[in-house]
Amino acid sequence: MMDKKWILVFTAWFIALLSSLGSLFFSEVMALPPCQLCWYQRICMYPLVFIFLAALFPFDRSLLRYSLPLIITGFLTAIYHNLLYYKILPKSASPCSQGISCTTVQLEWLGFITIPLLSLTAFSLIIIVLTILQRELKREK
């Protein structure tokens, strides 16, 4: 039977991989240019693919120490992006000064699933998975 901790890190890796491939699909295949906040979220998500993969072989207990800064930064950026996108914050609070605006609607599935929401969901799921991992690691001690 597989170790629960390994499965949790694999799950986090898979979420990061799907998110990274999805963002590349949107920009390279669908030709949807990323805004400035999307770039910041990508900067946080892409390295997680390699960090989680490296933590699997062999399993590295200190994974949280070096992945958490990227996860928290990406999560907070995604929250900020969604607040701008859904006009909870004024457009003047947007850092997007060149290129596409951070509030431009480029994709909307089912009337509410947007690129910023997908990013927020991915970072949220990774946080949930790693919270469960942290509890498992504490339980072992």
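## Close-up views of a predicted model

**Elements that cover the buried residues of helix α1 include α2, α3 and α4.** The model is predicted: local features need pLDDT of at least 70, side-chain atom pairs count only at pLDDT 80 or more, and totals for chains, interfaces and linings use all residues. Residues are numbered from 1 along each chain as its sequence is written, and side-chain values use heavy atoms, with hydrogens and water left out. Helices are DSSP runs (H or I, at least four residues) numbered from the N terminus, as are strands (E, at least two). With 26 residues, α1 reaches 36 Å from its first C-alpha to its last, close to the 38 Å expected at 1.5 Å a residue; the expected span is 1.5 Å times one less than the number of residues. The buried residues of α1 are K5, W6, L8, V9, A12, W13, I15, A16, S20, S23, F26 and S27. Buried means under 20% relative accessible area, exposed over 50%, and partly exposed in between (1.4 Å probe, protein chains only).

**The largest pocket has a volume of about 590 Å³.** A pocket is an open set of points on a 1 Å grid over the protein atoms alone, where a 1.4 Å probe fits, with protein on both sides within 12 Å along at least five of seven lines; lining residues have an atom within 4 Å of a point. Grid points are joined across faces, edges and corners, and the volume is the space filled by probe spheres set on the points. The lining of the largest pocket consists of 32 residues, and S19, F26, I115, L118 and S119 lie nearest the centre. Two or more lining residues come from each of α1 (4-29), α2 (36-56), α3 (63-85) and α4 (115-140). The largest share of this lining is that of α1, with eight residues. Sorted by class, the lining has 19 nonpolar, 12 polar and one charged residues. Here Ala, Val, Leu, Ile, Met, Phe, Trp, Tyr, Cys and Pro count as nonpolar, Asp, Glu, Lys and Arg as charged, and the others, Gly among them, as polar.

**K4 and E136 form a salt bridge, with the closest N and O atoms 3.3 Å apart.** This pair links distant parts of the chain: K4 belongs to helix α1 and E136 to helix α4, 132 residues apart. A salt bridge is a side-chain nitrogen of Lys or Arg within 4 Å of a carboxyl oxygen of Asp or Glu. K4 is partly exposed at 45% relative accessibility, whereas E136 is buried at 14%. E136 also forms a salt bridge with R139, where the closest N and O atoms are 2.8 Å apart. R139 and E136 both lie in helix α4, three residues apart, about one turn of the helix. R139 counts as exposed, with 62% relative accessibility. Through shared partners, the salt bridges join K4, E136 and R139 into one network.

**The side chains of K5 and D3 meet in a salt bridge at 2.9 Å, N to O.** K5 is buried, with a relative accessible area of 8%. D3 is partly exposed, with a relative accessible area of 38%. A search of the whole structure finds three salt bridges.

**S67 lies in helix α3 and is buried, with a relative accessible area of 0%.** Neighbours within four places in sequence set aside, S67 is in contact (heavy atoms within 4.5 Å) with L48, I51, F52 and L130.

**C96 has its place in the loop between α3 and α4.** This residue is buried, with a relative accessible area of 16%. C96 and F123 are 27 residues apart in sequence and, from C-alpha to C-alpha, 21 Å apart in space.

**A cis peptide bond joins F57 and P58, with omega about -10°.** P58 is in the loop between α2 and α3. Most residues other than glycine have a negative phi, and most peptide bonds are trans.

**A31 has a positive phi of about 60° although it is not a glycine.**

**K87 is not a glycine, yet has a positive phi of about 60°.** K87 is found in the loop between α3 and α4. K87 is exposed, with a relative accessible area of 63%.
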